[in-house]
Amino acid sequence: MSERRSYKSDLSDERWALIEPVTTGWKAKHPSVSGHQGRYEMREIVNALLYQSRTGCQWDYLPHDLPPPGAVKYYFYTWRDDGTDQVIHDLLRWQVRESQGRLADPSLVVLDTQSLHVAAGVPAATTGRDAAKKVPGRKRGLAVDVLGLVIAVVVLAASVHDNAFGTALLDKVAAENSTVTKALVDQGFKKTVVDHGAGLGIAVEIVERNPADRGFVPQPIRWRVEQTNGTLMLHRRLVRDYEHRPASAESRVYWAISDVMTRRLAGTSTPAWRGA
């Protein structure tokens, strides 16, 4: 790495060691036409992505001592399209689960959605209005395991009903995690999702709120997805949807949670930005 003052979002040697094998393997399969190894180190590219995730800055506002926006964009979009971002994320998730004494793949997931405002310039064709929450923008759907680790993410217009999110999330879960046999959802999801899950071999349980409860009362196990949504809010790039393509918004989730998981595996804490 070049000599520069480090940022709080930078990868430590221990954290980089968890990601480096994937980027090295990717680089070996994608050699430059001219044969050179590239001007920028992969570690600095990832550092730039994590810096933007944590601070929420625009591409052109990346610090000058990080690789230029054009180079960082190239890798972000390329890794988004070929699935490298998810490969990194999934490998880290398996390690976190095994470090907690669990099997690499889960048997139970929890589904939920979160509506977000979008930034100016986001194509109107990819946005809508959540009539229930009165939020214009997009909606992020998550499937997480009992540790709160992301199993699948789907981003669509906020006007899309939770049933559509539920079926899309279950399709992703079933395609990539054949071990999942049960899913917990809130009352926003209906029988359509239950029936769709049954067709995939996943028993969907609608967790109903106790009518006697007043205010916010965490539901057993299901609160994990709420915790994950809160964790994502520590990454300013995810507080509002700035991405032109929903696929980019999904990739941002993978990078944010990968950041969290490398810290967990390395035994370091995630710095907060509140009050900054």
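Modeller: First, a definition: rings of Phe, Tyr and Trp (its six-membered ring) pair if their centres lie within 6.5 Å, and planes under 30 degrees apart count as stacked, over 60 as edge-to-face and the rest as tilted. You're looking at a predicted model, where local features need pLDDT of at least 70, side-chain atom pairs count only at pLDDT 80 or more, and totals for chains, interfaces and linings use all residues. Residues are numbered from 1 along each chain as its sequence is written, and side-chain values use heavy atoms, without hydrogens or water.

Biologist: Okay, how many aromatic pairs are there, and which kind do Trp 26 and Tyr 75 make?

Modeller: A search of the whole structure turns up nine aromatic pairs. The rings of Trp 26 and Tyr 75 have centres 5.8 Å apart and planes at 65 degrees, so this pair is edge-to-face.

Biologist: How many residues apart in sequence are the parts that Trp 26 and Tyr 75 tie together?

Modeller: Helices are DSSP runs (H or I, at least four residues), numbered from the N terminus. Trp 26 sits in helix 1 (residues 13-29) and Tyr 75 in helix 3, so the parts tied together are apart in sequence by 49 residues.

Biologist: How are helix 1 and helix 3 oriented to each other?

Modeller: Axes are lines fitted to C-alpha atoms over the stretch in contact, with angles from 0 to 180 degrees between N-to-C directions. Under 35 degrees counts as roughly parallel, over 145 as roughly antiparallel, 65 to 115 as roughly perpendicular and the rest as oblique. The axes of helix 1 and helix 3 come within 13 Å and cross at roughly 90 degrees. That makes the two helices roughly perpendicular.

Biologist: Which residues of helix 1 meet helix 3?

Modeller: Contact means heavy atoms within 4.5 Å. On the helix 3 side you'll find Tyr 74, Tyr 75, Thr 78, Trp 79 and Asp 82. Facing them from helix 1 are Thr 23, Trp 26 and Lys 27.

Biologist: And helix 2 against helix 3, how many nonpolar residues are in that contact?

Modeller: Helix 2 (residues 42-55) and helix 3 (residues 69-82) have axes that come within 10 Å and cross at roughly 85 degrees. Met 42, Ile 45, Val 46, Ala 48 and Leu 49 meet Ala 71, Val 72, Tyr 75, Phe 76 and Trp 79. With Ala, Val, Leu, Ile, Met, Phe, Trp, Tyr, Cys and Pro as nonpolar, Asp, Glu, Lys and Arg as charged and the others, Gly among them, as polar, the contact has no polar, no charged, and nonpolar residues numbering 10.

Biologist: At what angle do helix 2 and helix 8 pack?

Modeller: Helix 8 spans residues 246-266, and its axis is 10 Å from that of helix 2. The packing angle is about 100 degrees.
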